[in-house]
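Try each one before reading its solution.

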2 protein chains.
Amino acid sequence: MPVADLFNPRSVALVGATDKSGWSISTLANLHMHGFAGPVHLVNPRGGVVHGERAHTSLSAIPEPVDLAYVMVPTTAVLPVLEEGAKLGIRSYVILTAGFGEVGPEGAAMEAEIADFIRENGLTVLGPNGNGFINAAAGITPYGLPIPPPLLRGSVGVVLQSGALASSVLAFAQARNIGISLLTSMGNETTLTVTDVMDYLVDDPATTSIALFLESVRNPAEFARVARRALLAGKPVVALKIGRSTIASHTAQAHTGALVGDDRVIDAAFRQLGVLRVRSLEDLIITAGLLAETGPLPGRRIGVVTPSGGASEIIADRAEDEGLELPSFAPDTVAKLEQIVPAFATVQNPLDVTGYILIDRTLLGRALEAVSADPGIDAIMLLSEPPRTAPRDPAATLALYAANAKRITEAPVPVIVVSNVLTDVTEFGRAVQEETGFPHVAGGIEHGLHAIGAAVRWSEYHRAALAGEAAGPPPAARHVVGDVARHVEGATGVWAEHRAATLLADAGIPMVPSEPVHDEDSAVAAADRIGYPVVLKASAEGLGHKSDIGGVRLGLTTPDQVRRAYREVVAAATAASTGPPVRVGALVQPQRSGGVEMLVGVVRDPGWGLTLAVGLGGVWVEVLRDTALRVLPVGADEVRRALTELRGARLLQGARGTEPADLDAVADVVVRVADLAQSLGERLESLEMNPLLVAGSRVEALDALITWRG
Amino acid sequence: MPVADLFNPRSVALVGATDKSGWSISTLANLHMHGFAGPVHLVNPRGGVVHGERAHTSLSAIPEPVDLAYVMVPTTAVLPVLEEGAKLGIRSYVILTAGFGEVGPEGAAMEAEIADFIRENGLTVLGPNGNGFINAAAGITPYGLPIPPPLLRGSVGVVLQSGALASSVLAFAQARNIGISLLTSMGNETTLTVTDVMDYLVDDPATTSIALFLESVRNPAEFARVARRALLAGKPVVALKIGRSTIASHTAQAHTGALVGDDRVIDAAFRQLGVLRVRSLEDLIITAGLLAETGPLPGRRIGVVTPSGGASEIIADRAEDEGLELPSFAPDTVAKLEQIVPAFATVQNPLDVTGYILIDRTLLGRALEAVSADPGIDAIMLLSEPPRTAPRDPAATLALYAANAKRITEAPVPVIVVSNVLTDVTEFGRAVQEETGFPHVAGGIEHGLHAIGAAVRWSEYHRAALAGEAAGPPPAARHVVGDVARHVEGATGVWAEHRAATLLADAGIPMVPSEPVHDEDSAVAAADRIGYPVVLKASAEGLGHKSDIGGVRLGLTTPDQVRRAYREVVAAATAASTGPPVRVGALVQPQRSGGVEMLVGVVRDPGWGLTLAVGLGGVWVEVLRDTALRVLPVGADEVRRALTELRGARLLQGARGTEPADLDAVADVVVRVADLAQSLGERLESLEMNPLLVAGSRVEALDALITWRG
């Protein structure tokens with residue numbers, strides 16, 4: 001596996017090594033300091049002594065085989081180095097050198113040239129314009145910036161699209177006593193990409209969770225594939241993806257629908273893939289660190305054991321934010337706890353065993369044991385942390401932590417230890433953890449509860465993914481219309497409502513009855529057949545938002561009203577038409593009343609592809625932009641979940657006197673729409689039903705709009 | 001000032017000192033270790049040697065005057081100690097002893113007894129059931145738990161309603177290199193309360209910001225008074241107030257209106273008082289620490305200077321969350337920066353000067369200088385932090401930080417330094433700050449931006465309060481009806497709509513015309529006078545929510561419809577009546593159409609008093625609970641601000657084709673309602689107009705409900 005070879009070289013050459021470069025100094029020092037066992041060769045075209053060692057004048061001059069070349073030569077010299085290396089059989093490279101695509105067209109041309117060479121010669125190259133990697137698990141650290149000791153080995157894999165953040169991530173992980181397996185600074189991702197490294201980490205036995213800093217998801221399909229693999233493998237992926245702000249997403253907004261800003265699609269896609277999105281570097285590392293230790297949690301019912309009333313109350317507030325449940329303890333547990341805690345303590349969840357732990361140092365541990373036997377608890381949050389400074393009698397402290405570590409290990413449910421506040425695990429604290437086996441401590445109630453909430457959510461995604469996998473691969477989207485090619489061929493622009501409605505009806509989607517008419521008389525005749533009151537809408541190829549131009553008349557109760565409405569809507573549509581002359585007619589439909597109006601649409605996101613938006617109509621979408629998104633394909637379960645996420649979900653449950661909606665019936669129609677959209681091929685731009693009227697189990701689209709690309 | 005005397009004793013007696021008590025050991029050690037200069041006397045009834053010193057058998061046996069007695073005797077012995085001390089003229093006490101109100105009725109009785117004694121004898125007593133205080137500014141630390149050195153002296157005053165959190169707060173403040181002026185652990189607040197200590201801190205020259213941990217606001221009126229004083233004095237108050245979760249606020253919800261949960265009133269009250277509410281201990285200390293240093297910031301336009309693209313993007317996202325503006329730099333600034341940063345850098349706000357700072361260590365400082373001269377920037381956020389470990393050449397590091405410290409001090413706008421991630425300021429980092437004058441560093445982008453956002457908001461509250469003060473005291477609520485006493489006297493239960501509407505109309509509040517009728521004929525006659533369509537509503541004393549019982553008929557267009565409606569609503573109201581028989585009639589009103597329906601209500605919160613709720617009607621209030629609250633009194637400006645906070649605010653601005661509402665006209669009516677509510681005295685329970693119909697500048701209440709206590 002070439003990527004595995006890149007990260008596990010037995011010998012390294014530093015090409016462009018020089019005493020004048022901080023990068024050169026740091027890379028060599030890192031390799032020496034953090035345990036690289038193989039030879040490190042220095043290459044400098046002028047030879048001589050570099051970093052106190054004799055330098056070779058070229059890669060060819062090195063008498064031994066080289067597994068990895070770390071390249072820090074001038075920009076124009078990079079390609080010659082690759083050429084020389086390839087000839088020598090060197091397959092793996094890190095290119096630190098900058099000056100490529102990131103500086104302008106000239107650099108981009110050079111970058112394209114090396115990309116071609118890399119591909120043609122089957123090389124594995126990290127960079128250019130990146131600092132390299134830190135394989136902490138194996139002690140291999142070809143990395144261009146100082147790595148402050150100690151480099152803690154652990155099981156969090158870190159992939160960064162910003163090299164400048166690596167130092168902060170390293171410092172923070174160290175402060176939290178969180179070890180990493182591999183850290184990569186991706187640089188320009190000219191050939192080797194974030195998803196390639198993720199793929200490696202999914203298979204890497206040293207890695208149990210993956211932390212990403214992402215500026216962009218370059219290849220959503222590939223990202224989805226790898227994320228799904230990670231989810232099934234039980235390796236949580238936590239991501240800090242920037243670009244939430246309107247400034248950052250401004251460009252993105254311009255080329256997708258207003259409801260489906262790029263960033264909201266990413267939120268939806270990440271959730272569907274079980275990728276945990278966080279908003280801070282602290283949450284990134286603390287969440288990945290926690291998940292690296294716990295693995296899947298069995299459920300969201302948390303028992304909380306603390307020595308502080310104030311902390312318990314903060315925890316109650318934050319647990320609710322995170323959707324965690326703090327159930328009452330079982331009667332047996334209460335009885336046991338009442339034997340343990342002081343008389344003045346109140347036995348409840350969260351449990352405050354009181355400051356009496358200063359007098360009886362076994363109190364917290366015994367309470368933990370009692371709570372961990374409670375049958376209604378899925379996991380325990382224990383408020384505790386290693387000491388910051390060495391006490392006068394370290395032996396007693398060590399014994400205490402060893403006893404609690406044993407209780408934690410032997411507890412029948414996972415025990416997650418969280419500190420009160422986010423301060424560094426000190427050197428002494430780290431020593432206590434190492435010597436006593438006291439587990440990982442999540443940093444502070446604030447970030448710790450975020451991490452527990454994320455772990456619970458991820459565990460649910462993981463179980464659902466495994467269940468889905470056990471049930472066999474998801475069926476491809478059904479081709480819900482007989483002759484798809486007939487519809488797609490030559491389709492262009494905006495389809496008139498009637499044509500769109502016919503297609504939808506063919507696909508089994510319930511549409512309101514609708515008669516196309518082309519004069520006042522046929523409109524009245526249609527209204528007579530349908531029965532009053534009726535709706536009359538302008539109809540023409542290319543006519544999209546009819547109500548915006550005054551092309552819709554509701555609640556018509558007499559033939560005269562129908563005639564006048566016909567004249568008005570046709571005039572309005574004709575006046576609004578800007579393209580070549582089209583035949584303008586109208587549609588007559590029965591006037592529906594009651595029920596809840598929904599919006600169901602599928603639009604094509606440039607990166608993630610067809611994306612479903614469901615929401616309630618009216619103010620919900622116009623003022624609140626209250627929609628739930630899902631990247632297709634999507635099943636009925638997922639659609640039902642999306643419906644419950646809406647802020648207006650209570651209306652579907654029958655608030656304000658509406659009939660409760662049959663969510664199965666709604667989901668069935670929505671899935672049909674999604675399947676249809678997928679059947680219609682790459683030319684489909686968007687497909688929208690607004691409104692979709694829902695009254696109990698009656699679901700009916702009152703309008704339809706299909707737009708094609710080109 | 002007795003509270004000042006409590007916190008500044010020249011001599012201390014530890015009453016109940018014993019080698020067997022950790023509290024006794026810690027208190028004495030703290031006093032000795034953290035600089036208390038006066039004598040510390042030990043008192044133990046058995047005399048002998050305690051903590052290696054000779055103990056006195058009683059307070060009376062001490063040959064010198066005692067300023068403060070720190071009491072840790074058994075519960076039943078507390079009162080005798082106070083009695084002895086009072087006789088000796090000792091005015092100040094800390095009572096560590098527990099076992100009072102917090103353990104049950106017997107303890108509560110003892111607590112009441114000592115409370116009486118304290119008040120009768122004019123003593124100043126912190127506690128009982130509290131650990132004491134840490135006057136770091138003066139080096140006076142009668143405090144019962146270990147204080148880990150170094151105790152950093154600074155200007156944040158900390159008041160805690162949970163003693164167990166004090167250690168976490170101290171540890172975190174120390175880790176952030178944030179010094180405190182005074183920390184108090186309040187205990188049971190039997191006599192001395194949080195607001196007493198706040199009052200002291202507002203006047204304490206050593207304190208520039210105040211951090212509170214609150215379980216409850218015991219006396220809202222007093223809290224409001226002190227908070228207002230702090231705001232005018234320019235001392236920011238930051239509060240972590242727990243009880244946000246439904247579990248915690250369950251009891252509270254039971255006795256106030258469903259819309260006005262206690263916690264939402266606290267949100268509203270705090271904002272009106274300029275108290276910054278936070279949700280974590282980290283934000284509490286980081287925000288108070290930042291504000292202690294910066295004082296008021298001139299505005300929300302922030303220039304950001306960083307050495308990292310990734311960090312810049314995280315900052316852009318978080319700045320938007322916090323409502324901060326990151327304006328483009330002025331052309332002059334851009335020109336200057338282009339001379340400073342490397343060619344491959346992009347000059348924009350946030351500015352990434354790039355990792356080139358590793359080569360040119362003056363780069364960040366020079367960029368800071370250029371940005372600080374930008375005329376469109378109110379303050380600068382500089383991403384930097386003191387080093388974690390001592391480099392080989394500390395002199396160069398010190399020189400660099402000294403140079404940047406000078407630039408920061410001399411900048412024409414405030415410069416706020418923020419670190420990438422929240423890690424401890426190490427001992428070396430603290431030394432660098434001390435030696436070079438490098439300023440306070442907010443801990444990490446996540447919490448740092450929260451703190452900057454809070455500082456900007458507080459600065460606006462502060463300026464508004466000063467402006468309000470300059471304009472003279474706010475006028476008392478106008479007595480908007482002539483003879484208030486007439487209305488209040490004997491008023492009870494729920495008033496029939498007509499009676500409520502008459503009172504509101506008398507107060508100058510525009511009410512829809514309304515005719516009370518008592519039979520079908522008079523109903524038709526009224527409808528004829530008013531003009532069709534009309535509305536008909538059941539009317540009876542004690543009848544509240546008419547529509548819930550089917551007591552309202554809308555859009556009646558014929559006399560027959562009016563007759564039938566009259567029969568139906570009277571029957572419905574009669575059937576729904578559960579109390580003694582009342583006369584049921586009806587009201588006839590014109591049917592209005594168009595406009596936006598609002599809800600305006602005033603309800604009495606048990607703690608904060610009359611509280612105004614404004615919102616839009618319909619789904620906004622029923623499904624989304626979208627209301628903005630204000631504790632009365634309130635002016636028109638504040639009402640307009642409340643209206644803009646609504647999630648449905650866009651509807652008032654004319655979204656969905658509605659006529660834009662005249663917010664001045666709405667605010668005028670709302671202020672009249674508020675003034676009326678305040679005029680009606682303590683018996684008023686609630687006063688509600690639902691709906692208040694707003695169409696452009698036409699504002700009219702279509703319904704009114706007044707409820708009285710008792």
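Two strands count as paired if DSSP finds at least two bridges between them. Keep in mind that this is a predicted model.

**Exercise 1.** Find the strand order of the open sheet of 5 strands in chain A, and follow it to the edge strands.

*Solution.* Start with the order, which is S15-S14-S16-S17-S18 in chain A, with parallel pairing. Next, look at the ends: strands S15 (351-352) and S18 (441-442) of chain A each pair on one side only, which makes them the edge strands. Now zoom in on S18(A), which pairs with strand S17 (residues 415-418) of chain A in the parallel sense over 2 bridges. Here Val418(A) stands opposite Ala442(A) of S18(A).

**Exercise 2.** Work out which rotation superposes chain A on chain B.

*Solution.* A rotation of 180° does it, with 0.0 Å of shift along the axis and an RMSD of 0.1 Å. The two copies are therefore related as by a two-fold rotation axis. To locate the axis from chain A, go to Asp424(A): its C-alpha is the nearest one, 2.9 Å away. Both copies use the same surface, as 100% of the contact residues of chain A recur in chain B.

**Exercise 3.** Describe the interface between chain A and chain B, from its area to its salt bridges.

*Solution.* First, the area: about 5300 Å² is buried between the chains, with carbon and sulfur atoms giving 57% of it. Then count the contacts: 61 residues of chain A touch 61 residues of chain B. Finally, turn to charge: there are 6 salt bridges between the chains. Arg279(B) forms a salt bridge with Asp321(A), where the closest N and O atoms are 3.9 Å apart.

Terms used: Residues numbered from 1 in each chain as written. Chains lettered and ligands numbered in written order. Predicted model: local features only at pLDDT ≥ 70, side-chain atom pairs only at ≥ 80, totals over all residues. Heavy atoms only, no water. Helix = DSSP H or I, 4+ residues; strand = E, 2+ residues; numbered from the N terminus. Least-squares fit on C-alpha atoms with pLDDT ≥ 70 in both. Contact = heavy atoms within 4.5 Å. Buried area = accessible area lost by both parts, 1.4 Å probe. Salt bridge = Lys/Arg side-chain N within 4 Å of Asp/Glu carboxyl O.
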